[in-house]
There are 12 protein chains.
Amino acid sequence: MPGTYKIVELVGTSPVSFAEAVKAAVAEASKTVRHMDWFEVVEERGRIANGAVQEFQVTIKAGFKIER
Amino acid sequence: MPGTYKIVELVGTSPVSFAEAVKAAVAEASKTVRHMDWFEVVEERGRIANGAVQEFQVTIKAGFKIER
Amino acid sequence: MPGTYKIVELVGTSPVSFAEAVKAAVAEASKTVRHMDWFEVVEERGRIANGAVQEFQVTIKAGFKIER
Amino acid sequence: MPGTYKIVELVGTSPVSFAEAVKAAVAEASKTVRHMDWFEVVEERGRIANGAVQEFQVTIKAGFKIER
Amino acid sequence: MPGTYKIVELVGTSPVSFAEAVKAAVAEASKTVRHMDWFEVVEERGRIANGAVQEFQVTIKAGFKIER
Amino acid sequence: MPGTYKIVELVGTSPVSFAEAVKAAVAEASKTVRHMDWFEVVEERGRIANGAVQEFQVTIKAGFKIER
Amino acid sequence: MPGTYKIVELVGTSPVSFAEAVKAAVAEASKTVRHMDWFEVVEERGRIANGAVQEFQVTIKAGFKIER
Amino acid sequence: MPGTYKIVELVGTSPVSFAEAVKAAVAEASKTVRHMDWFEVVEERGRIANGAVQEFQVTIKAGFKIER
Amino acid sequence: MPGTYKIVELVGTSPVSFAEAVKAAVAEASKTVRHMDWFEVVEERGRIANGAVQEFQVTIKAGFKIER
Amino acid sequence: MPGTYKIVELVGTSPVSFAEAVKAAVAEASKTVRHMDWFEVVEERGRIANGAVQEFQVTIKAGFKIER
Amino acid sequence: MPGTYKIVELVGTSPVSFAEAVKAAVAEASKTVRHMDWFEVVEERGRIANGAVQEFQVTIKAGFKIER
Amino acid sequence: MPGTYKIVELVGTSPVSFAEAVKAAVAEASKTVRHMDWFEVVEERGRIANGAVQEFQVTIKAGFKIER
């Protein structure tokens, strides 16, 4: 992967699973950031209400090549 | 979130996925702990038998408001 | 668990979820490593293409008893 | 410090500072936990609204001797 | 907190305290970043001169919702 | 290990060794917590006086099944 | 260093060494980010092919003053 | 900052706040260590008595240039 | 220590102490791995039954020179 | 990178630099491990003698595809 | 513990156990450092020869009050 | 390595590379500390000016035997 890359940190959310939360973050961010190449998970959290998990939250770092 | 919160550490298990293991821990703990608000994942492990994953185990910290 | 155990580090991949990536790594490794007992997740990453997650990658450590 | 100690994890909040958030958590918890001896800071976070910090949140671990 | 969030990393400085350094970073960043929701402290450092603390420096991560 | 587990954090002390400090914490805690299953060491510290170690202190997390 | 700073995360690459990979990331990023002041290394990785290192990859965080 | 620096680790204490504890450590150490340049916070702890925080304790690393 | 070394990860167990668990892992592994040179402790855990520690478990990394 | 990968941990040494130590480890290991794809640096250490650095030591994790 | 403390980092060694290695480091250091108060374990390593543990090595941080 | 060792923390600087920065720290410190045996890298940072790396800074811990 020659070249220089930038990394952005994102939090995605999903009522279903951690994997869906990652997909949501990548899909939303790809509207403004082009050519994202990889991600890594930084943190997994969530919201609880009425004794049940309401939302999975995943913080990821996503890398993309700096285009000139 | 004004007020003071307490954090409990739990391990949930599921034969299906990490997300299901989190849900199981929250559901079981909510029988005795009221008003849990959020969780964060501390560790993800599992048990293997006969060359296949038998169980996903997720350690979480769950926070709830101290009621007076 | 009396006895001595060895730990191997593996990366499994799946287009679907982190749990499936763990299962894939365990299934593949079990062809040559016998009696794996447990795993723990070390890292969760993935590959992105065309603005969508293409692959979930999970690095695990898996332990098995040293047989004599 | 001979004897056995238990550690509880708490989150205190304050609109003023991290030190005040610690004090609030200790004061509130001391209503039900006796003889707390020490604390250590685990995490410092906060809430932002309208471009200004609204609340400092400090997660601490507090230790107290198990009484028989 | 449904939706997708972005996290920016900032360093605030203050001659007075860590809490003031956080406030300064949030106030300055809010001129260009709208709707910051939360922060977490990453690192606390400072500058010393003539045998006294001259400046408190706090590195924070601040999260805000991606608006469409 | 199907089911849900809770984790408590304890500090044991011993004038002899780290292993004895762990044993002391487990023995004391087992008077009120039933069915502890495993522990992991979080921190090892100690007290010094007159140029010699007076006390070994071990912080552990101990897990036990939530009984209904 | 009075004022507020922003931190960006970059990955530089070089066939020669980690130091050259850092220099490449800083040189490329300086085309769009002005007044970078310092960096810290977050991660060092690389690519291997045909039994030899093909590329050194260094992830850095670089800080620069927010200008008004 | 050309040259070589040495780092010393200190614990400062204050009944008031973490910032005051840092100031106390730097002021005391500057009586024997000249030309300290910067510090970073390693750990924040404290002592509790009678259900209230009695003392804030901050462990810092402080750097100073080696003079010839 | 010129040359290239490989590191293996092992878990040793002992009913007595952490030191004995390390010795057990090294003794067992040395039946198949020659010329181990050093170890470092990665994790210390254990098993509890009937309110007492049954087993100390120590995960170590052990290094040995690659022989040609 | 579909498929399953294994990770080995290696220590390379060089009298010259950290980059050369990585190259040495990869070159030596490639004599028995085929198709290594990537590495990441785990630790950088070294040996000192007569007041000068004699050897740079780099611990890496290297990943390669499991071939069937 | 009002006042300011300094922390020194030491490595003790013992052919017997980790606890003995800590005791050795404290006993040796107390010949030149007065009034050491506490220690914490930073790292546990050791040397292996002929397939057996030859030496336990423990790195500790030890704190003592700065006397005027 | 029987005996007791002390560890000092140093920051070396170089305009050329991380390896040169380590060498500079060791060479400078060896003027007052005798018999340094090993080092480990704690942190790698640097200074940027005019869009280019001006200085590599490496924080190391260096160990030496306590002589009587």
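How many bridges join strand 2 of chain G to strand 2 of chain J? There are 3, and the two strands run antiparallel; strands are DSSP runs of E of at least two residues, numbered from the N terminus, and two of them pair if DSSP finds at least two bridges between them.

The model is predicted: local features need pLDDT of at least 70, side-chain atom pairs count only at pLDDT 80 or more, and totals for chains, interfaces and linings use all residues. Residues are numbered from 1 along each chain as its sequence is written, chains are lettered from A and ligands numbered from 1 in the order in which they are written, and side-chain values use heavy atoms, with hydrogens and water left out. The predictor gives the complex an ipTM of 0.96 and a pTM of 0.96.

In the interface of chains G and J, 15 residues of chain G are in contact (heavy atoms within 4.5 Å) with 14 residues of chain J. The two chains bury about 1100 Å² between them, 63% of it on carbon and sulfur atoms; this is the accessible area (1.4 Å probe) lost on being put together, summed over both. G:E44, G:R45 and G:I48 supply 45% of the area that chain G buries against chain J, more than any other three residues.

G:R45 has J:E40 as its bridge partner in strand 2 of chain J. The side chains of G:R45 and J:E40 also meet in a salt bridge at 3.5 Å, N to O, where the rule asks for a side-chain nitrogen of Lys or Arg within 4 Å of a carboxyl oxygen of Asp or Glu.

How values were computed:
Helix = DSSP H or I, 4+ residues; strand = E, 2+ residues; numbered from the N terminus.
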